[in-house]
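Hi,

Here's the structure I promised to pass along. Have a look first, and then read on for what turned up in it.

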Amino acid sequence: MSGRYDDILHLPHPTSKKHPRMSTQDRAAQFSPFAALTGHHGVIQEVARQTEERRELGEEEQACLDRKLQFLLAHLEEEPEVQLCYFQEDGRKAGGAYLTTRGVVKKLDPYARYILLADGTRVPMDDLWEIDGALFSVFS
């Protein structure tokens, strides 16, 4: 059976005298997919990222937290070390996360409603969930 291209089928591969041969890696890059959906992967990760809903304190828990804040305000000169659990809103989607930080209290401002720790962390009192530390052993 004779084919249409039998006369050129076994000829050597033509090589240009002007242009060097392309490397296998460069040749493969020509056929690799391009990023037509730039940012698509990031959007999918953002949608999949989980957030928590803010929980509301009951009356009893809020009263206990208020007593601890008053106690803390009265003992600021002792530079107490505390552990604070608070809610931080997510800047990109509904909800947020509960964070816990530990540090020495430098300032408690009941009017601006924040607690400032020695490391510069500023925790809004309205987002506070729990205060703990050795200073509060009288509350147990």
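Which residues make a nonpolar surface patch of about 340 Å²? They are Y5, I8 and L11. Keep in mind while you look that this is a predicted model. I8 sits in the segment before α1, which covers 24–31. With a relative accessible area of 47%, I8 is partly exposed, because that class runs between 20% and 50%.

Next, have a look at D90, in the loop between β1 (81–89) and β2. Buried or exposed, at 18% relative accessibility? D90 counts as buried, since the cut-off for that is under 20%. Its side chain reaches the backbone nitrogen of R92 at 2.8 Å. A polar atom of the D90 side chain also lies 3.3 Å from the backbone nitrogen of K93. Leaving aside residues up to four places away in sequence, D90 touches R49, T51, G95 and G96.

β2 (residues 96–109) pairs with β3 (residues 114–117) in the antiparallel sense, over four bridges. L108 has I115 in β3 as its bridge partner. The hairpin of β2 and β3 has four residues between the strands, and R113 takes a positive phi near 60° there.

β3 also pairs with β4 (residues 122–124), again antiparallel, over three bridges. Here L116 has R122 in β4 as its bridge partner. This hairpin has four residues between β3 and β4, and G120 in the turn has a positive phi of about 95°.

Cheers

How values were computed: Residues are numbered from 1 along each chain as its sequence is written. This is a predicted model: local features need pLDDT of at least 70, side-chain atom pairs count only at pLDDT 80 or more; totals for chains, interfaces and linings use all residues. Side-chain values use heavy atoms; hydrogens and water are left out. Two strands pair if DSSP finds at least two bridges between them. Helices (H or I, at least four residues) and strands (E, at least two) are DSSP runs, numbered from the N terminus. Patches are made of residues with over 30% relative accessible area and no salt bridge: like charges are joined within 9 Å, nonpolar side chains (Val, Leu, Ile, Met, Phe, Trp, Tyr) within 5 Å. Accessible areas come from the Shrake-Rupley method with a 1.4 Å probe; for residues, only the protein chains shown count as cover. A salt bridge is a side-chain nitrogen of Lys or Arg within 4 Å of a carboxyl oxygen of Asp or Glu. Buried means under 20% relative accessible area, exposed over 50%, partly exposed in between (1.4 Å probe, protein chains only). A polar contact is a pair of N or O atoms within 3.5 Å; within protein, one must be able to donate a hydrogen and the other to accept it, and residues adjacent in sequence count only if both atoms are side-chain atoms. Contact means heavy atoms within 4.5 Å.
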